[in-house]
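Reader: I am new to this structure. Can you show me how to read its features, one at a time?
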Amino acid sequence: MPKLSYAEIARIEERRLALGTAAVVACAEPIAGGWMAFEGEGSWGNFAAGLGLDGPVSSEELDRLVAFYTTRGAEPQIQVCPFAHETLVRGLAERGFVLREFENVLAREIAPDEDLRALLTRGGPDGLEIVRVDPADDAQVRVFIEVSTSGFRPEGEPITPALFDVTRRVVAHRGSESYLALVDGEPAGGGCVEISGEGATLFGASVLPRFRERGIQHALIVRRLERVRERGCPLVCISASPGIPTERNAMRLGFFMAYSKGILIRRGENLRPPT
């Protein structure tokens, strides 16, 4: 059993998510203990999170949530933690929010002396090198953004300006570190880690199609876990859609299911849907 309760894990991770997203998007406002964030069309950063963890959410706050997005021409989207106050779910339903999808949050505790390298079969794939991205190296940052976002858009589709800009700010954010996987010197994948107070999270990872099924995803997870341990952080999370390879890879490396949350949206005429 984990040392922390599932509710404690959720509060740590949802607050980190809300604050971390607010720090890198173009526009954000605090609301009901969380944050609502907006970056622009085509960005993953258009959502609210962390609401209702400290108590009831008022009707006025929910009306402000709706207005924050609709005045920007976007459909409101919110991530709802199962440990949020019941007034949040009730108020969202009254305003026409519907379930879009579920997301699982997996967690792992890390001991200060844990040998994480032992998690890799035979030490990792041949020819693989994982390097930390230098935010000041523009060429390296561009390569990282291209490969690390490849799994979040159709193969061959160019990256949107909004996605590029917000990912560039993630790389530059002082709380985040980005790692680029190279196979014989060729970019193959990448991923980020954010370490904040009591908890860390691994996010934004992709491996290019021609390099998959080689253990690169495993190696990226382990390298970032090592960094979390180096920083003395005892808890790390990963969020993933149910059943995708990221979830399976994480569970093979010692992560456990902490909680599932709902992604809710409010449809509206002439409003842009979230990506």
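Reader: Is glycine 127 buried, partly exposed or exposed?

Author: This is a predicted model. Relative accessibility sorts residues: under 20% is buried, over 50% is exposed. Glycine 127 has 40% relative accessibility, so this residue counts as partly exposed.

Reader: Where is glycine 127 in the chain?

Author: Look at the loop between strand 5 (98-109) and strand 6 (128-132). Glycine 127 has its place there.

Reader: Which residues does glycine 127 touch, sequence neighbours aside?

Author: Leave out residues up to four places away in sequence. Then glycine 127 touches Leu182, Val183 and Asp184. A separation can be read as well: 22 Å lies between the C-alpha atoms of glycine 127 and glycine 151, which are 24 residues apart along the chain.

Reader: Asp184 came up there. What is the phi of aspartate 184?

Author: Start with the general idea. Most residues other than glycine have a negative phi. Now the case here. Aspartate 184 is not a glycine, yet its phi is positive, about 50°. This aspartate lies in the loop between strand 7 (176-183) and strand 8 (186-196). Its relative accessible area is 68%, so aspartate 184 is exposed.

Reader: What is the phi of glutamate 213?

Author: Glutamate 213 is not a glycine either, and its phi is positive at about 65°. Find this residue in the loop between strand 9 (199-207) and helix 6 (216-230). Glutamate 213 counts as exposed because its relative accessibility is 81%.

Reader: Helix 6 comes next. Which residues does arginine 223 touch?

Author: Arginine 223 has its place in helix 6. Beyond residues up to four places away in sequence, arginine 223 touches Ile130, Tyr179 and Glu230.

Reader: How many nonpolar, polar and charged residues line the second largest pocket?

Author: The lining divides into five nonpolar, three polar and six charged residues.

Reader: Step back to the whole chain. How many helices and strands are there?

Author: The chain has seven helices and eleven strands. Its C-alpha trace spans about 55 × 45 × 30 Å along the principal axes.

Reader: What does the radius of gyration say?

Author: Compare the value with a rule for globules. For 275 residues, a compact globule would have a radius of gyration near 19 Å. The chain has 19 Å, so the two agree.

Reader: What share of the residues is buried?

Author: Of the 275 residues, 52% count as buried. The chain exposes about 12700 Å², and carbon and sulfur atoms supply 51% of that area. Among contacts with a separation of 6 or more, 71% join residues 24 or more positions apart.

Definitions and conventions
Residues are numbered from 1 along each chain as its sequence is written. This is a predicted model: local features need pLDDT of at least 70, side-chain atom pairs count only at pLDDT 80 or more; totals for chains, interfaces and linings use all residues. Side-chain values use heavy atoms; hydrogens and water are left out. Helices (H or I, at least four residues) and strands (E, at least two) are DSSP runs, numbered from the N terminus. Buried means under 20% relative accessible area, exposed over 50%, partly exposed in between (1.4 Å probe, protein chains only). Contact means heavy atoms within 4.5 Å. Ala, Val, Leu, Ile, Met, Phe, Trp, Tyr, Cys and Pro count as nonpolar, Asp, Glu, Lys and Arg as charged, and the others, Gly among them, as polar. The radius of gyration is taken over C-alpha atoms; the globule rule is 2.2 Å times the number of residues to the power 0.38. Accessible areas come from the Shrake-Rupley method with a 1.4 Å probe; for residues, only the protein chains shown count as cover.
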